[in-house]
Amino acid sequence: MRVSLARAVYSRADVYILDDPLAAVDSHVSKHIFTNVLGPKGILQSRARILVTNAVQYLNNVDNIVMLCDGEIIEQSSFVQAMEKQREIFEFIHRHFEDAQSSSENSSMLSDIEYAENGLGKIDCRNSSQQLLGRTDTDATNGAAVQSGDTTLSGEDRQTEDVGRIISAESRRKGKVAWSTYSTYVNASGKGNVTMLYIGFLLAVIGDVCANMWLKYWSSSSTDTSKSNLTSTHSPFYYLYIYGGIGLFGAAISLLKALVLWTRCSIRASTVVHQNMLTGVIRSPMSFFDTTPIGRILNRFSSDVESCDQELSSEISNLMDSLAQILSALAIIAITIPHLLVITPLLAYASRYYQKLYIKSSRELRRLYSTTRSPIFAQFHESAAGITTIRAYSQQSRFITENEYRIGQNIRVDNASLLLDQWLAMRLETIGNFLKLGAAVNAIATMHRSGTGDGSLIGVVISSTFVISGATNWLMRTISDIEVCMTHLERAAEYAALPAEAANIIEDCRPKEVWPEKGMVEFRNYSTRYRNGLDLALKDMTFRVMPRQKVGIVGRTGAGKSSLTLALFRIIEAAGGQILLDGEDISKYGLFDVRSKLSIIPQDAVLFAGTVRENLDPFNNYSDQEIWRVLEQANLAEYIRNKHKGLEFMVAQNGSNFSAGQRQLICLARALLKHAKILVLDEATAAIDNTTDVIIQQTIKREFKDCTVLTIAHRLNTVIDSDMVLVVDEGRLAEYDTPQNLLANKQSIFTKLVEEAQNSNA
Ligand SMILES: Nc1ncnc2c1ncn2[C@@H]1O[C@H](COP(=O)(O)OP(=O)(O)OP(=O)(O)O)[C@@H](O)[C@H]1O
């Protein structure tokens, strides 16, 4: 968020629209942002600012407040007017402070600890608006303090960004395609299918030779009879029928070959290659997705797979056809004028020489073509995803230029490939012409020697040399194209062999159905990092959460709170130490067994394209009644009911037809439905207004009273009545105690966080 904000600030626009920039940051940072950037004395003071926010505490510092309800503006006024009129805005602000106070009052901590003693000053909801009205803006000292605090934060941030931006360069192999890639394709096609194809190929060669030899026999028998003035013993239909029969045989073989190739080998190979690739990517650890742009993955799944789907099979078909033509023509020459074969090795050698030169460049060019395509996909994906930002900053021309540049780079490679094709074609044509010349000279010499010469024989030989010339040309290109296509298969196979996460299920070591029965969570000297080469995100953490305890996890932005939950789900694996659930080390179980036992409402709530029902219950395990019950509990039932189609209402891709808050509520409903023994709430209500938040908090308390709940929160009021509070600081466990004890210690980080929250609310 801070990076987006910085980008916005430096765009120097006239109007700034800031969509809840304070939602996912702690109170310290949010106050800093408001004071130094968005507020009346901030950097943007001379610019028009439209701030979309739930952060009610800043409303007295804005010029105009617009309140929306059900898509309509229900009130619009300055803060002072709104307080005087005491209508919707007043009610909303009032409710916010009432809720804040009631959640504070609910907490045992607040009843035990004298707030006044800590110098925090209780918020009086009756006076809240007056407090807001009378509040002077952040003074210079405060601002300075915040600023000094942020210097460290910016430092951290820069460091984080540097690391976060590391995108691994796309690998590009060099040299020959390994034989293992060919065998991968043969195995994917199915060995039985390949054998059938091979037999079909041999039969096609035999059919071709027979057809040509029959033609020769036919024409020579008519020459013989005319020479000896005899009538042929067979009618022309005899020859024609047999020739037709051979032709039919050839056609049947071709059909069989095509069927085997296209309906068995090709489809099977494509399915297997795609499936393996998909499995490889889906099973990849998070570090892969962190370092691989989505466009690169899309490129492999589109153009590389397309090449396996379409090009490769048609090239194999071409290869078989041209090879069959060459072999049958060679067989005819060998039977008729064998000494002509002497020149064929020479010509074959010359063709192969040029083909080898060609393939070296062509293969690398194709690899380069594939790697220069990925940035086009990546940039296109990035542009489509950030279209609103691009338009808002009028950066269309920059993105178009960049797109053109990337396409240009790709076309340059394509152009070089086309030129290379012409280079090869010219050389192969010349070689073919030498063969034709050799055959013609040979025929004339033979006729000259014998004085007569067998016309039919010479005709067959010359036509065979024409076939050899054309087919050799075609064969050389096809061999090259197959190798080039194999570079795509090589790329696909590379994704199929990506390093995978731990096994989903370890058959020899599966937890009991009821595990974790109690819900005890224990971290023992646990450390983790996002990937090799990065600093530890969590360092030597040791703590224990007792069954049914409610633990609030707090800390500054970037302290490591979310990493803690990722570690629990084994999204990132341990660099040292252990995590135990009910005393069992989670690393010994398969990932499915661990993850299916936990529930999470994540910071970025994820919804999938499909119906509301599918999003809540993808495996169809629950009845409609149960689903409505959890929707009711999540305060969403009315909204979904109003959608007419109810549970069948379609959720758009990424849940884009739901607001951020509603997406979180659907995740809450999902967790309520699953009702796992351990629930993790990662800023689960960051995008939800305070009143709904209070309802949700009550629901969670009621419904998960028998469960262990770990709550990560920036709004401290949501964790202040937890059984325990765990403070994370720079990846370390800084404090772990009851909120009462932590607040009793004026030096504790938790006390400071609460003070900051109170200050920003005051
Ligand atoms: N995918 C990632 N790759 C590399 N480093 C990461 C990644 N995600 C987080 N980090 C780093 O790990 C550290 C802890 O981040 P984490 O997201 O756990 O913090 P947090 O306390 O949850 O922050 P916030 O309150 O903003 O959500 C930070 O230094 C962050 O830069």
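1. Helices α8 and α10 are roughly perpendicular to each other, because their axes cross at roughly 110 degrees and angles of 65 to 115 degrees count as such. In this predicted model, α8 covers residues 179-189 and α10 covers residues 236-282, and their axes come within 7 Å. The crossing of α8 and α10 is right-handed.

2. Which residues bring α8 and α10 together? On the α8 side they are Tyr185, Ala188 and Ser189, and these meet Cys265, Arg268, Ala269, Val272 and Val273 of α10. By class, the residues of this contact are 6 nonpolar, 1 polar and 1 charged.

3. Now for the other partner of α10 that I looked at. Helix α12 spans residues 294-336, and it packs against α10 at an angle of about 160 degrees, with the two axes 10 Å apart. Angles over 145 degrees count as roughly antiparallel, and α10 and α12 are therefore roughly antiparallel to each other. The crossing of α10 and α12 is right-handed.

4. From α10 it takes in Lys257, Leu261, Trp262, Ser266, Ala269, Ser270, Val273, His274, Met277 and Val281. From α12 come Ile297, Arg300, Phe301, Val305, Cys308, Asp309, Ser313, Ile316, Ser317 and Met320. These residues divide into 12 nonpolar, 5 polar and 3 charged. Do look at Ala269 and Val273 of α10: both meet α8, and both also take part in the contact with α12.

5. A word on the annotation. An unreviewed UniProt entry lists residues 196-215, 236-256 and 326-350 under "transmembrane region". For residues 326-350, the model gives 76% helix and 0% strand, and the end C-alpha atoms are 16 Å apart.

6. Finally, the chain as a whole. The protein chain has 25 helices and 16 strands. Of its 762 residues, 35% count as buried. Taking the contacts between residues at least 6 apart in sequence, 79% join residues at least 24 apart.

Conventions:
Residues are numbered from 1 along each chain as its sequence is written. This is a predicted model: local features need pLDDT of at least 70, side-chain atom pairs count only at pLDDT 80 or more; totals for chains, interfaces and linings use all residues. Axes are lines fitted to C-alpha atoms, for helices over the stretch in contact, and angles run from 0 to 180 degrees between N-to-C directions. Helices (H or I, at least four residues) and strands (E, at least two) are DSSP runs, numbered from the N terminus. Angles under 35 degrees count as roughly parallel, over 145 as roughly antiparallel, 65 to 115 as roughly perpendicular and the rest as oblique. A crossing is left-handed if the near helix is turned anticlockwise from the far one by less than a right angle, and right-handed if clockwise. Two residues are in contact if their C-beta atoms, placed from the backbone, lie within 7 Å. Ala, Val, Leu, Ile, Met, Phe, Trp, Tyr, Cys and Pro count as nonpolar, Asp, Glu, Lys and Arg as charged, and the others, Gly among them, as polar. UniProt positions are given in the numbering used here, feature names are shortened, and annotations may be inferred rather than shown by experiment. A residue is buried if 20 or more other C-beta atoms lie within 10 Å of its own, exposed if 12 or fewer, and partly exposed in between; C-beta atoms are placed from the backbone.
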